[in-house]
Amino acid sequence: MQSNLNRREMLAATGSVLAAGFSATTYAASHSARQRSASEPFGYCFNTSTIRGQKLGIVEQVDLTTKAGYDAIEPWMRDIDTYVKEGGSLADLRKRIEDSGLTVESAIGFAQWIVDDDEKRKQGLEQAKRDMDTLRQIGGIRLAAPPTGATKQTDLNLFSAAKRYRDLLELGDEMGVVPQVEVWGFSSSLSRLGESMFVAIESGHPKACLLPDVYHIFKGGSDFAGLGLLSSSAIQVFHVNDYPAEPARESMTDAHRVYPGDGVAPLTDIFRMIYQSGFRGMLSLELFNRDYWKQDALKVAQTGLRKTKAAVLRAKLDQLTKAD
C-alpha cells in the first residue's frame, strides 16, 4: 500500500463506496427529537463556544441554554473537567441537565486519536476514554473527533486514518459514546468533506458518522452539494453558523462566523439537502465571534436560536414534505 492516498485514488474509492450506499446506522435517537412535533424538522442545540468569552462555568451554561429555549447543549469537555477539578459532582450536573429538560447530544473534545505517532495516539485514546467516561456520566451520547494533532500534516494516509477511527469507534462501543469525524476546514488533514466521508466509510463500522459544519465545509473548499450524497444516518449533529462575503475564504477564520442568516452561506440549500436525505437530528449553533463574546450571554444565545429557526423556516421544508 502506498504511504498516502492520492486525490485520484481517493475519488475513485469514495465514488465506489457511495454507489453501494453509506451503511452507517443511527446510534441513538435524539431524546428531544421524540418530543418534537411533526412540524418541527430539526432539534436545536447550543454549542457553548458561542459564549466562551463570557467565561461562564458549565452550570451557568446549562441554565442559560435552558432559559434561551434550546432542546440540547453541546458542552466542551474542558469546561466539564474544570467543574470536576473545582469539586463539582457529575451526578449533580447530570440531574441539573435532566431537570432542565435538556439532552447532551454531543460534546467537544480534542483527543489525538488520528496521529501517526504510536505513543501519542495511545495517549490520545486514553484521553478519549476519559472524556467518554465523563460524558456518559452526565448523559452524553456523542463526542466530536476532529483531526487534533494532524492539522499541519499534508501526507496523512486516509486508510490508516480510517483504521484509527474504527479503533476509536470500538472504544466508543465499550464506553457507550459515538465519536463523530469532524470536518476541520483550516486543517491540512480532513479539511474536505470527501476526505472525512472516506475515513468514515472505510472504517467499516456501523456507527461511523460525520460532524459537519457550515463554516468548515466552506473554509476547506468543499462544495455543499456533497451533503446531498449522505444518508440520514451519516449525520446526527450538524454545526450551524454563517460566514460573511469578506474576507476571502483563505483569510477567513473562526472569529468571522456570524449568526445563521447574517452571512452568505447557502443555508436554504443546505437545510433542504439534509432534510431530503432524512436528517432529523440536531442543528448545533457553534460560533466564535469576538463581538458576540462581549455581549450579554443570554441575549446572544436567544438571538442565535431565533435566527437559526428563521433560516430553517426560510427553507420551507414543509413544502418538501407535501411534495413527497
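Biologist: Which residues of helix α8 are classed as buried?

Modeller: In this predicted model, where local features need pLDDT of at least 70, side-chain atom pairs count only at pLDDT 80 or more, and totals for chains, interfaces and linings use all residues, the buried residues of α8 are Leu193, Glu195, Ser196, Met197, Phe198, Val199, Ala200 and Ile201. Residues are numbered from 1 along each chain as its sequence is written, and side-chain values use heavy atoms, with hydrogens and water left out. The term buried means under 20% relative accessible area, exposed means over 50%, and partly exposed lies in between (1.4 Å probe, protein chains only).

Biologist: What makes α8 a mostly covered helix?

Modeller: The count does: α8 spans residues 193–202, and eight of its 10 residues are buried. After α8 comes Gly204, with a positive phi near 70 degrees. Across the protein, 53% of the 324 residues are buried.

Biologist: How many helices and strands does the protein have, and how are they defined?

Modeller: There are 13 helices and seven strands.

Biologist: Why are α3 and α4 called oblique to each other?

Modeller: Helix α3 (residues 58–68) and helix α4 (residues 77–85) pack at about 125 degrees, their axes 9 Å apart. Axes are lines fitted to C-alpha atoms, for helices over the stretch in contact, and angles run from 0 to 180 degrees between N-to-C directions. Angles under 35 degrees count as roughly parallel, over 145 as roughly antiparallel, 65 to 115 as roughly perpendicular and the rest as oblique. The angle of about 125 degrees belongs to the rest, and α3 and α4 are therefore oblique.

Biologist: Which residues make that contact, and how do they divide by class?

Modeller: Ile58, Val59 and Gln61 of α3 meet Asp79, Ile80 and Tyr83 of α4, where contact means heavy atoms within 4.5 Å. These residues divide into four nonpolar, one polar and one charged. Here Ala, Val, Leu, Ile, Met, Phe, Trp, Tyr, Cys and Pro count as nonpolar, Asp, Glu, Lys and Arg as charged, and the others, Gly among them, as polar.

Biologist: How is α4 oriented to α6, and on what grounds?

Modeller: The axes of α4 and helix α6 (residues 118–137) come within 11 Å and cross at roughly 75 degrees. That angle makes α4 roughly perpendicular to α6. Met77, Ile80 and Asp81 of α4 are in contact with Asp131, Thr134 and Leu135 of α6. This contact comprises three nonpolar, one polar and two charged residues.

Biologist: How many disulfides are counted, and by what rule?

Modeller: The count comes to zero, since a disulfide is a pair of cysteine sulfur atoms within 2.5 Å. Another cysteine, Cys209, is buried at 0% relative accessible area.

Biologist: Is Glu174 buried or exposed, and how do you know?

Modeller: Glu174 has 65% relative accessibility and therefore counts as exposed. Glu174 is found in helix α7 (residues 158–175).

Biologist: What makes the backbone at Leu190 and Lys316 worth noting?

Modeller: Leu190 has a positive phi of about 60 degrees although it is not a glycine, and Lys316, likewise not a glycine, has a positive phi near 50 degrees. Leu190 sits in the loop between β4 (178–182) and α8 and is buried, at 0% relative accessible area. Lys316 sits in the loop between α12 (297–314) and α13 (317–323); at 43% relative accessibility, Lys316 is partly exposed.

Biologist: Where is a cis peptide bond found?

Modeller: The cis bond joins Glu246 and Pro247, with omega about 5 degrees. Pro247 lies in the loop between β6 (237–240) and α10 (267–276).

Notes: Helix = DSSP H or I, 4+ residues; strand = E, 2+ residues; numbered from the N terminus.
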